[in-house]
Amino acid sequence: MFARFKFFFVILQTPSILDTPIEFLKGVGPLRAELLRKELDIATYGDLLRHFPYRYLDSATVQHIGALSPEQDYVLLQGAVVNLSEEGQAYRRRLTATLYDKTGRVELVWFQGINYISKSLQPGATYSVFGKLTYFNGLPTITHPEIELYNAAQVSQAGSLQPVYSTTEKLRAKGLSNRAFAKVLQSLLEKLKPGDIPEILPAELRQRYQLYGRYDAYMQIHFPQSETQRRQAEQRLKWDELLLTQLRILKLKINHHQQKGFVFGVVGDHFNNFFGHHLPFQLTNAQKRVLREIRQDTFNGVQMNRLVQGDVGSGKTIVALMAMLLALDNGFQASLMAPTEILAQQHFQGIKELLEPLQVPVALLTGTVKGKERKQVLAGLANGTLPIVIGTHALVENTVQFSNLGLAIIDEQHRFGVMQRAKLWQKNVFPPHVLVMTATPIPRTLAMTVYGDLDVSVIDELPPGRKPIETIHRSENFRPKVMQFLKSEIEKGRQIYIVYPLIEESEKLDYESLKAGYEQVKAWFPDPKYRVAMVHGKQPQDERERNMQRFISGDAHMLVATTVIEVGVNVPNASVMVIESSERFGLSQLHQLRGRVGRGSEKSYCILLTGHELSKESRQRMHIMTQTSDGFVIAEEDLKMRGPGDIYGTRQSGALDFKIADIVHDVEILEETKTAATEILYTDPSLELPQHIALRAGLEQDRSGKGLQWNKIS
Ligand code: ADP
Ligand code: MG
């Protein structure tokens, strides 16, 4: 049955007109084709078809020049062109003209194609002008406008929405301005018949969600007749994009669930002993719930792939530890991987202490564990005498062999996308259970996409007795007062973090500002009364550790640091976090940093220092930080402000490479497609039913799914 369909399928895949190289299209040719490939990654008819307008101009609403303002971006104007004049010499040459209507005037400027334009413009005639508005010395100006003799008949004939395509300077110089783009697309659309863009959705789904036909959607997204039409075309195309993504992700998830896993059949001595006698506090209900979920996952013979989300300080470590004990009780080894050396160290120290009474050996394996010590650890892991190891990514090196690894925990990681994880975990024949723990709350939409293949647990409760952190925003001129306040906190026996931004591109500069900052702090807090430690990534390992240790032990009052302390570091007595140049941090990062305080029983403060002049976004970020401490709210805001690509390093993950969908705003479509994908795969996991054949073909032809072929994952 399956084989027959496959055969059928091969026949269906005759070359499509959409695979035609772009140079064969009227108005393109080899030169522009080359540029389109280089500049916009458009190589075929299909690529061009999916180069959607990024906005539309309503030609019914030509603007009055007198009403223009600097907030405007692209504008459509109508008026007479006068005052043509050429200025400058050679490469400085430029052509200017004035466009005026009854309400005002705009300057038009060209630096290229001057001869042609000055010859063809008819002074005094009425033109339609479209372009990006800028202001020079208070004068509205449009550089390289799209300009066309006004033709009333033509205007009323065309649809009322004109597409605006993203293009580049190079393409524009070769004549592919926005209007030329529209023309080229027009000639493409004229060539395409409904059969060239076959329907892929089952009729039932189209009906249920009231979706446009696929062919119609592609036609109308480029040249809609009305706003309603545009919206419906867009809706349909987003639907396709998100449905295909959801199908891929769910398929991965189903595969995970079919992946055999080790059975942790018993809750044994180590776990019970620890739980009954050595737990330093009562678990919160959320912690208990997550442990139960892990227990369920590891009990039934299926490999676990679980993401535990818990805000900073919600107590993920103890959950990890108890999961490791569960592995141990069933004769397996467990590993915990942290993203940085310092974090690995701290986990190691903390867990070693907790395990002391149980007499369970635990070792640290990082890049700095060398020589004989390393050999011992490696031997212990290989021969099974070492049940628990904590480390950095050094753990995944080839030289590290386990006797029987049953559980791999990854702490504080948010760098892998779905596809990478899939590769990573499919490397093993019989992979261990995997628990991913992140303190970066993941907005719902990302959870459904980037992390869609994982089962998700949430620790949505902080341990009792935490006092809320008071967050204050102060500009530079309050520094003396802030320093005074820090002194009074030190008097009370508290410790203080002072964090400086560190951004890779300007590393050198930042270290200088960090050192200057350190000197400044030392000036405010002189020896020997105050002890200040400093840590940053450029220090030799042992020096950094020594300084960190001075702070952890309480010897140093203050820790001047870069964001190396961003994740995980835990010093309960530190109750004040000062963040220098806060405007240079993203919201999620600020939240992470703030999470370093508020861990003890004392009232904690987070002081956001910024320059005096702030951009609108920076001010908004400071406002959000002072208003809420809810990591989920902050993550959602961050996603809204920055867009998904910048956060979580997901740009390379492939899961978010959408052409038209937008996971920040398309939550509803995301939910719908998730439901639809679940239903489809539930009844027909290999997409073999007649009503799903076209969908399967759509999946296999979809270029955005490059990295993963359906038949490979099915
Ligand atoms: P995170 O989720 O940020 O990794 P940690 O696991 O480091 O948080 O826990 C933060 C602090 O809270 C630690 O000092 C830990 O001992 C403490 N803690 C964790 N769970 C509880 C609990 N149920 N009751 C009291 N304190 C707890
Ligand atoms: Mg942690």
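I started at strand 18 (532–535) and found four bridges joining strand 18 to strand 19 (residues 558–561), the two running parallel. Strands here are DSSP runs of E, at least two residues, and helices are runs of H or I, at least four, numbered from the N terminus. Two strands pair when DSSP finds at least two bridges between them. Met 534 stands opposite Val 560 in strand 19.

The model is predicted: local features need pLDDT of at least 70, side-chain atom pairs count only at pLDDT 80 or more, and totals for chains, interfaces and linings use all residues. Residues are numbered from 1 along each chain as written, chains are lettered from A and ligands numbered from 1 in written order, and side-chain values use heavy atoms, without hydrogens and water.

Next I traced the open sheet: six strands, order 16-21-20-17-19-18, parallel pairing. Strand 16 (469–475) and strand 18 are at the edges with a single partner strand each, so one side of each has no neighbour in the sheet.

I then checked helix 22 (residues 616–627), which packs on the sheet and touches strand 16 and strand 21. Contact means heavy atoms within 4.5 Å. The helix direction makes about 155° with that of strand 16; axes are lines fitted to C-alpha atoms, for helices over the stretch in contact, with angles from 0 to 180 degrees between N-to-C directions.

Last, I looked up ligand 1. A polar side-chain atom of Lys 316 lies 2.7 Å from a ligand 1 oxygen atom. A backbone N or O atom of Gly 313 also lies 2.7 Å from an oxygen atom of ligand 1.

Key: A polar contact is a pair of N or O atoms within 3.5 Å; within protein, one must be able to donate a hydrogen and the other to accept it, and residues adjacent in sequence count only if both atoms are side-chain atoms.
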